[in-house]
Amino acid sequence: MSQTTTQTPAVHNSALAGDDEQVVVFAVANEHYAVNIARVHEIIRLQQITVIPGAPACVEGVINLRGKVIPVLDLRKRFRLHAEEHTRSSRIVVVEVGGQTIGLIVDGVSEVLRIQMDSIEPPSPLVTGIDSRYLRGIAKLDGRLIVLLDLDQVLTDAEQQQLEAAEL
Amino acid sequence: MTMKGQPLTFDATPEELVLFMSEGEEQLELLAQDIIRMEQEGDGNTELLQEIFRAAHTLKGSSGAIGHQRMARLTHAAESVLDQVRHHQLPVSTILVDLLLKSLDALRQLLDEVTAGIESGVAIEDLSAALIALANGQQPAPDLPAAPDLPASLENPAAAAIAVPVAEPPPAEVVPPRSQFVSPADFMRELQVWRIECAIDPQFPLPSARALQIVLASESLGAVAQSSPARAAIEAGEVTMGTPVIVWLALAEGITNERIRERLERIPDVQVTAIVPPEATESATGYQGVQDLSVSTGRSGAAGRSGAAEEAALILTLRAQIAADCVLPAPRALQVVLACSQIGEVLTSDPSDAVIEDGKVMAGSVVTVTFRASDPAAANEDRLRAICAKISEVTVIDVTLSTPDLDLADAVATGESIRTAPAIVPAAPRAADSVPAPRAAPPEGGRSAASPVPGVLSPPPETTVRPAVAENNVSPGVTHPENEQTRTATPVQAPRMVRIDVERLDALMNLIGELVIGRTRLSRIGANLVGHTDDLQLMEDLTETSRHIARISDDLQDQVMRSRMLPIESVFSKFPRLVRDLAQRVNKKVEFIVEGKDTELDRSVAEQISDPIIHLLRNAIDHGLETPEERRAAGKSEVGQVRLSARHEENQIVIDVDDDGRGIIPERIKAKAVAKGLLTADAASRISDREAVEMIFAPGFSTAEQVSDISGRGVGMDIVRTNVERLNGSIAVETEPGQGSRFTIRLPLTLAIIRALLVSVAGQTYAIPLTSVVEALRIQQEDLRSVNHHLAIELRGQVLPLMRLADIFKQSHNAATTTAMTRQFVVAIRWGDRRCGLIVESLIGEQEIVIKPLGKLFRNVRGISGGAVLGDGQVAPILDVAALIKYVIANERTSGEYELNLETAAKGARV
């Protein structure tokens, strides 16, 4: 498996400015989301997740990724979408955010796409139904809408939430 | 003059600096230990004195090589004192040891400058001056300033008050084998060494400039063998005003007192205060080399030659190759030369000592050392190889016995240039100091037949060709290393150690974790296949293979764990110094015994166990041991004994700190505890002696009758216990009044892997560190009591407050678990003095777990200290016992009158 550990923040910043961007597309509650491929370490099958009591609600728990214990976030919960049982096609997308390795539970990973920058529009909550803070933009591709996620925001909020959740 | 905070640059790559740092640490550690030993054993142990000198010399060489001038200078000063000590010209005294130890403190700070990159402001001038004064037979200034920023415990105000044994005149009769470097030219020639002392007008503002002029002028008269201050210090402009300049002048033909005086006093502001001619040098102190050289002078010329002929059979030549990837080749070369000096007297080396000390040695080059064995019986090849095998990154190519050639000696003596070395002489001795001799001909099997030595043996002053020498050294070593090795008849003892980054081992550990997961999957697949296939052979193969992989991954994990271990010596090594300083300060006589230094433990534990041990040692010396008077009165030896020992017991490391002092008296502890309000008088009368002694671990307790500046720093035994428990260890005390005390620390071998009790709650597994577990028991519903609405059970006459783990973590138990509540378990846990019980659904068992941090997202999660990677790759939360118990305590407080005594508990249960 890939052992990519280095991560250039420049990719993220210049991505919008460049001509096109390679993204990994995955599904959460029948919507298509995408993150820059440079952020994705690997995509693994769903495995047994250990619940950590007292963790923020969106944090499903932790898994053992080759000896490293990493947190796993459920994007459905993160986006406050209705929760659903995980299926056989559910996957954990392992990404690097803010120097941490975290796993994101998604309903399924469909493809890797090249998105033209000029096809990206600014986010609108009306289109997706999730908080526009998490979005970098929306790309239209072959009649589909693909939501580009702002991973840093996803994590920042999770951390914020866990501070509030601190109890015991 | 140097200034604090000035940025430093070193003449080395970052890798070299890292290596220098770690080797420097090692040398300093070694020196600290050996100097303490030297103080105890006196100057009788010649091997020890040699070892100390070598360590100082190596440190000087390597600090010079990276260009840390101040460090090199201070080590140089220390080295010259140590050189006298090993030649029994300076007695081992308290003042000497104090001075050397202070120098080590300063050197440590200088070493730290390498990482910090800025100057620490440590003043070395006074220390070097004091050392040099000592070497010159003077008493150092009584109020020698300690290096700044030293920990208070290391300062030693008592030192000045101690009677100072003035250096005795050196015994004249014995001249032990020298290990300073003398080239054959120097050795065989009539050597005349003059000692010239000059004073620079103390008003003159630039003494360094004048000092340099003195040295340069002396060079015009002959060869400057040594100067004080050293040449490097002079060139760095560090001569202080009023410092006398001393020059040892060799090879000064036809020189006279008048000529010297005339030449040197031409320099303004300079006055020659003393000139000691060679005849008289023998009795002069200062430059030790001079004396030995003078001895050889006595049988110079023909006599010297016949002397050489008599010792013909004892001259050996060693060739050793420095590894091509060696980062600091110069210190390695120096080590080779020093190794030879252990066996005999080094006649010549190539590269020369001076070149080596300048750091101009290339990796991959060959070091050739010719030396005269002082003891023919001891000078066998095996011994030499054994000594060299300890030097990392160096491979001995060969050792050859040579008959010194009289023609060569003749040639040298008459100053003729040597065109060819006779074939029988392998690597003919060269005046390495001066010769830009390219090692042109690759030696064949150690014989440099007809190797041309074009250089003329000129007197040894500074040469400008050293870089060339260094470059030339590369050619034979780099181009034909394999050839040379394959030609060696005996197998080469290559060094078998490598340094490795701990992070790399951690990465390895993680990969092994992955392997473990893979292995678990494999066996699960195997299990799933049962019944799905009829191919029994295939099934068997699969089972066999997965077992095989399981075994290998277990072994692999074990091996990596082991490679993270280091001997506890790394922790213990600094204690003799500490004990010495403490004993001196409280005026007690202490014999400090260290046992089990080789006991290995994980690096992470080693890093954190030092403080608790220091605390115990302090206690033993300050409170445990009596004063010499008290001991005499009690019929004991005046010298108290403190013993520190380490050993392995099962999967633990056990560290004992013993003393034969007054022991802990239970009555005193009780009285103190009552006085401090920790116990009621009533309770104190009821507790056993053993319990009373355990009170020393109670928070806020300290038995010192007077607050001493050693132990009375508000840090009590409770902190020691907390620190030990943080490492998942435990501490216990045994004591016998009048006989002494023994503190025993038990620690897991590693912090990364601990033994834990696995329990299950609401379908999830949790790990409880076994060190916190008192016991685990099965309970019935009717065993439960309610004390002010809190659950509790009675356990051996005491009330144990209980918590449901599921409630703490707000995990809803499903119907099945609720109904099964009649069958449950209690795990009694302990943190410090507090105990409580956790109600769990089932006990899974004990297991070794690998502890992993959970990361930022779980920073505020309470009650869980980390994640445990279990044997099957699953993660289990590890309970934070301290936090859980604090939670119980907090709950008790909020509920008001929560009383922990049996009567109320029983009443509550009946209500």
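## A helix and a negative patch

E544(B) sits in helix α21, residues 536-563 of chain B. Helices (H or I, at least four residues) and strands (E, at least two) are DSSP runs, numbered from the N terminus. With a relative accessibility of 43%, E544(B) counts as partly exposed. Buried means under 20% relative accessible area, exposed means over 50%, and partly exposed lies in between (1.4 Å probe, protein chains only).

E544(B) belongs to a patch of negative charge on the surface, together with D534(B), D535(B), E540(B) and D541(B). Patch residues have over 30% relative accessible area and no salt bridge; like charges are joined within 9 Å, and nonpolar side chains (Val, Leu, Ile, Met, Phe, Trp, Tyr) within 5 Å. Lys and Arg count as positive, Asp and Glu as negative, while His and the chain ends are not counted.

## About the model

This is a predicted model: local features need pLDDT of at least 70, side-chain atom pairs count only at pLDDT 80 or more, and totals for chains, interfaces and linings use all residues. Residues are numbered from 1 along each chain as its sequence is written, chains are lettered from A and ligands numbered from 1 in the order in which they are written, and side-chain values use heavy atoms, with hydrogens and water left out.

## A positive patch

R45(A), R88(A), R521(B) and R524(B) form a positive surface patch. R88(A) lies in the loop between α2 (75-78) and β6 (91-97) of chain A. R88(A) counts as exposed, because its relative accessibility is 77%.

## Salt bridges

Side chains of opposite charge can pair when their charged atoms come close. A salt bridge is a side-chain nitrogen of Lys or Arg within 4 Å of a carboxyl oxygen of Asp or Glu. By this rule there are 39 salt bridges over all chains.

One of them joins E41(B) and R37(B), at 3.3 Å from N to O. These two are four residues apart in helix α1 (residues 14-41) of chain B, so about one helical turn separates them. E41(B) is partly exposed, with a relative accessible area of 38%. R37(B) is also partly exposed, at 35%.

## Buried charges

Are D581(B) and R580(B) buried or exposed? D581(B) is buried, at 7% relative accessibility. R580(B) is buried too, with a relative accessible area of 10%. A salt bridge links D581(B) to R580(B), and their closest N and O atoms are 3.1 Å apart.

K670(B) and E667(B) form a salt bridge as well, at 3.8 Å from N to O. Both lie in helix α26 (residues 666-675) of chain B, three residues apart, or about one turn of the helix. K670(B) is buried, with a relative accessible area of 10%. Elsewhere, salt bridges that share partners join E39(B), D98(B), D105(B), R577(B), R580(B) and D581(B) into one network.

## A sheet in chain A

Chain A has an open sheet of six strands in the order β8-β1-β2-β11-β10-β9, with mixed pairing. Its edge strands are β8 (108-116) and β9 (120-121), and each pairs on one side only. Two strands pair if DSSP finds at least two bridges between them.

How many bridges join β1(A) to β8(A)? There are eight, and the two strands run antiparallel, with β1 covering residues 20-28 of chain A. A27(A) stands opposite G108(A), which is in β8(A).

## An exposed loop residue

M497(B) lies in the loop between α19 (481-487) and α20 (502-529) of chain B. Its relative accessibility is 72%, so M497(B) counts as exposed. M497(B) and K390(B) are 107 residues apart in sequence. In space, they are 9.7 Å apart, C-alpha to C-alpha.

Technical notes: Areas by Shrake-Rupley, 256 points an atom, 1.4 Å probe, with all protein chains shown as cover. Charge placed at Lys NZ, Arg CZ, Asp CG, Glu CD.
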